[in-house]
Amino acid sequence: MEQVSTSLSGRSHSRKSSAQINPMMVRPTLFVLLLSAVHLLSAQSVPKAASSDASAQDDNVSKPRKTVWSGVYTREQAQRGAEAYGDACSRCHREDLSGYSGLRGDNFLENWREDSLESLWRRVSKTMPVGAPGSLPEREYLDILAFILKANEFPAGTRELTAAEMPSIRFESRNGPEPAPDFALVQTVGCLERDSTGVWRVTHASEPRRTRNPDKPTPSEMESASTAVPGGSTFRFLDGSALKADVHAGERAVVRGFLIRKPNDDRLNTTSVESLGQSCK
Ligand code: HEC
């Protein structure tokens with residue numbers, strides 16, 4: 001435990017000693033299981049993953065971790081994708097993927113990391129090509145995404161990428177799981193508190209993870225959020241406009257908003273706050 005809280009707070013989160021984290025909020029066995037999974041994975045393909053433990057705070061604690069480093073597409077698929085990309089995408093994004101916002105490199109990674117591959121998949125298959133969104137067969141979109149993954153130096157594997165598995169594949173950089181970037185739209189789960197000056201905070205908050213939807217989570221998102229592992233972060237709400245009358249201090253809630261990192265004062269510009277109907281006690 002000591003190691004977990006130290007490395008978490010060491011990375012741009014508000015600093016909290018482990019003594020401040022309520023031991024009741026932590027499930028030790030899950031932590032141990034997850035940490036060993038992270039170590040196993042890191043030994044195989046992600047050299048630095050063991051130094052970071054954001055995944056230990058992931059909502060889907062019971063599932064083995066699969067990432068873009070796990071070999072989620074095949075070489076043949078990426079080769080087919082290169083051709084389809086040439087037909088449908090390269091006139092705007094260029095042969096070398098450097099056009100427009102750029103489909104490879106640091107900016108691209110920063111846009112999509114700490115999220116599931118589902119978000120990038122939707123962006124590609126539902127909004128591209130500009131002018132004819134969603135016009136290609138699904139198989140071609142899959143091939144093209146495989147090609148984009150290859151261009152970003154994620155390794156090929158033995159099984160082709162499929163649409164069904166996108167939500168279970170995490171997009172992360174070579175460094176392994178990291179804190180979500182500043183200004184990203186994120187979701188966290190924690191305890192709502194209101195201080196004497198009327199300022200709201202979410203405390204014991206799970207590691208914020210990226211979301212693309214600022215609005216109220218779907219019922220299934222609420223359900224998976226209800227099992228989120230409590231964490232040691234605190235986020236102050238920039239204003240209370242996303243709070244509705246049925247949300248109360250002392251309740252666990254799913255909070256979405258734009259992340260603003262400040263030393264010892266991480267904030268959320270909240271876009272949705274939904275109570276899980278559970279008391280924090
Ligand atoms: C007619 C021009 C055009 C074509 C063709 C096109 N795109 Fe785009 N694409 C854009 C523009 C412009 C943007 C970024 C700006 C925006 O969306 O407002 C973009 C953004 C993207 C992004 C988001 C990048 C990021 O990091 O935010 C992805 C991914 C993408 N395109 C993939 C594709 C793929 C794959 C194809 C082929 C199936 C394709 N695009 C075809 C113009 C195009």
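## Strand β7 and its partners

Strand β7 and strand β9 (residues 267-279) run parallel and are joined by two bridges. Within this pairing, Phe-237 stands opposite Leu-268 of β9. The model described here is a predicted one.

Strand β7 covers residues 233-237, and four of its five residues are buried, so the strand is mostly covered. Strand β5 (residues 200-205) also pairs with β7, here in the antiparallel sense and through three bridges.

## Thr-188 in strand β4

Thr-188 belongs to strand β4, which spans residues 185-194. Is Thr-188 buried or exposed? Thr-188 is buried, because 28 other C-beta atoms lie within 10 Å, and 20 or more are enough for that label.

When neighbours within four places in sequence are left aside, Thr-188 is in contact with Val-202, Ala-205, Ser-206, Pro-208, Phe-235 and Val-255. Thr-188 and Ala-228 are separated by 40 residues in sequence, while their C-alpha atoms are 8.6 Å apart in space.

## The three-stranded sheet

An open sheet is built from three strands in the order β1-β3-β2, and its pairing is mixed. Its edge strands are β1 (66-67) and β2 (115-116), each of which pairs on one side only.

The pairing of β1 with β3 is parallel and rests on two bridges. Thr-67 has Arg-170 of β3 as its bridge partner.

## Nonpolar cores

The largest nonpolar core has 27 residues; those touching the most other members are Val-68, Leu-117, Ile-144, Leu-145, Ala-146 and Leu-149. At least two residues of this core come from each of α3 (75-88), α6, α7 (138-151) and β3 (169-171). Helix α7 gives the most, with eight residues.

Apart from this core lies another, made of 19 residues that include Val-186, Val-189, Ala-225 and Ala-253.

## Leu-120 in helix α6

Leu-120 lies in helix α6. Leu-120 counts as buried because it has 22 C-beta neighbours inside 10 Å, where the cut-off is 20 or more.

Not counting residues up to four places away in sequence, Leu-120 touches Trp-112 and Phe-171. Leu-120 and Arg-212 are 92 residues apart in sequence, and the distance between their C-alpha atoms is 9.9 Å.

## Around the ligand

There are 17 residues around the ligand, and the ones that come nearest are Cys-89, Cys-92, Asn-111, Met-128 and Pro-129. By type, the shell around the ligand holds 11 nonpolar, four polar and two charged residues.

Three helices, α4 (90-93), α5 (106-112) and α6 (117-127), each supply at least two residues of this shell. Which helix gives the most to the shell? Helix α4 does, with three residues.

Terms used: Residues numbered from 1 in each chain as written. Predicted model: local features only at pLDDT ≥ 70, side-chain atom pairs only at ≥ 80, totals over all residues. Near = placed C-beta within 6 Å. Nonpolar A, V, L, I, M, F, W, Y, C, P; charged D, E, K, R; others polar. Buried ≥ 20, exposed ≤ 12 C-beta atoms within 10 Å, placed from the backbone. Contact = placed C-beta atoms within 7 Å. Core = buried A, V, L, I, M, F, W, Y, C linked by C-beta atoms within 7 Å. Pairing = 2+ DSSP bridges.
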